[in-house]
Amino acid sequence: MDERVASAIAHWGARFTANGVTVYDFHRITDDLEIWDDWCAAWPSVAAEHETLGRQALATDRPLSAGQHLAQAALYYHFAKFLPPGPGPHPAVLMLSGLDSAKEEHRVVEQLFLERGPATFAVDARRIAHTLTMEGTATAITAPLLVVFGRKDRLILWRQAERLPAAAGGDSELLMLEEGNHGCANLAPWHRPYTADWLAQRLAKGESQ
């Protein structure tokens with residue numbers, strides 16, 4: 001058995017069963033695994049069985065059973081993405097929503113990062129709003145910094161966006177979109193893929209050093 005497979009089973013086995021994976025399914029999924037490349041396919045194959053049960057329950061007007069089956073399927077799909085424990089780095093992106101937003105709004109943007117490798121962790125910024133200021137502390141930023149802003153933002157003056165990269169102590173970049181509104185939501189294709197590429201490239205550079 002692949003060392004990474006054995007490590008994952010030993011490391012997460014108890015967690016899997018404690019969080020709803022049946023012992024029967026756990027053995028069906030892991031007993032015949034030989035190489036790590038098969039891990040991500042093994043879990044969805046069993047998850048699909050539970051999903052089918054859920055779809056059948058929905059079709060026959062059994063919503064409670066449907067919910068239980070589909071929740072089980074979702075759990076197995078989730079465990080398919082686990083990585084084996086071991087030395088890092090394991091890059092992750094911390095995502096803070098705007099004060100009038102929620103972390104659930106990040107799903108589309110999260111996918112951009114996930115496709116490029118880094119994990120994501122989304123937080124409702126309103127819970128920590130009192131900490132969201134860089135006044136007097138921006139010079140302590142030594143990591144690469146990208147600031148994306150729209151010059152037509154009606155909530156925050158675009159000149160404020162210039163202050164952070166100018167004050168930061170590390171390598172910084174300002175991407176000012178002339179027609180961008182608040183959050184540049186109207187110009188997503190002009191900054192979201194670029195931001196994801198920018199971050200992925202710098203994380204990869206950091207891993208190689």
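Modeller: Buried means a relative accessible area under 20%, exposed means over 50%, and partly exposed lies in between, with a 1.4 Å probe and protein chains only. This is a predicted model, in which local features need pLDDT of at least 70, side-chain atom pairs count only at pLDDT 80 or more, and totals for chains, interfaces and linings use all residues. Residues are numbered from 1 along each chain as its sequence is written, and side-chain values use heavy atoms, leaving out hydrogens and water.

Colleague: What percentage of the residues of the protein chain count as buried?

Modeller: The accessible surface of the protein chain is about 13,300 Å² (Shrake-Rupley method, 1.4 Å probe). Carbon and sulfur atoms own 57% of that surface. Of the 209 residues, the buried share is 32%.

Colleague: In what order do the elements of the protein chain run from the N terminus?

Modeller: Helices (H or I, at least four residues) and strands (E, at least two) are DSSP runs numbered from the N terminus. The protein chain has seven helices and four strands. From the N terminus their order is α-α-α-α-β-α-β-β-α-β-α.

Colleague: Is the protein chain more spread out than a compact globule, or less?

Modeller: The C-alpha atoms fill a box of roughly 60 × 50 × 30 Å along the principal axes. The globule rule is 2.2 Å times the number of residues to the power 0.38, and the radius of gyration is taken over C-alpha atoms. The rule gives 17 Å for 209 residues and the radius of gyration is 22 Å, well over that, so the protein chain is more spread out.

Colleague: Which residues is Val21 in contact with, leaving aside neighbours within four places in sequence?

Modeller: Contact means heavy atoms within 4.5 Å. By that criterion, the partners of Val21 are Phe16, Phe26, Trp43, Gln72, Leu75, Tyr76 and Phe79.

Colleague: Cys184 has a positive phi although it is not a glycine. Is Cys184 buried or exposed?

Modeller: Most residues other than glycine have a negative phi. Phi of Cys184 is about 55 degrees, and this residue sits in the loop between β4 (172–177) and α7 (188–208). At 1% relative accessibility, Cys184 is buried.

Colleague: What is the relative accessible area of Asp61?

Modeller: Asp61 lies in the loop between α3 (39–59) and α4 (63–79). Its phi is positive as well, near 60 degrees. Asp61 counts as exposed, and its relative accessible area is 66%.

Colleague: Which residues does Asp100 touch, not counting those up to four places away in sequence?

Modeller: Asp100 belongs to the loop between β1 (92–96) and α5 (107–115). Its relative accessibility is 62%, which counts as exposed. Between the C-alpha atoms of Asp100 and Ala125, 25 residues apart in sequence, the distance is 8.7 Å. The residues that Asp100 touches are Glu105 and Arg126.

Colleague: How far apart are Leu157 and Ser97 in space?

Modeller: Leu157 is in the loop between β3 (145–150) and α6 (158–167). Leu157 is exposed at 62% relative accessible area. Leu157 and Ser97 are 60 residues apart in sequence, and their C-alpha separation in space is 19 Å.
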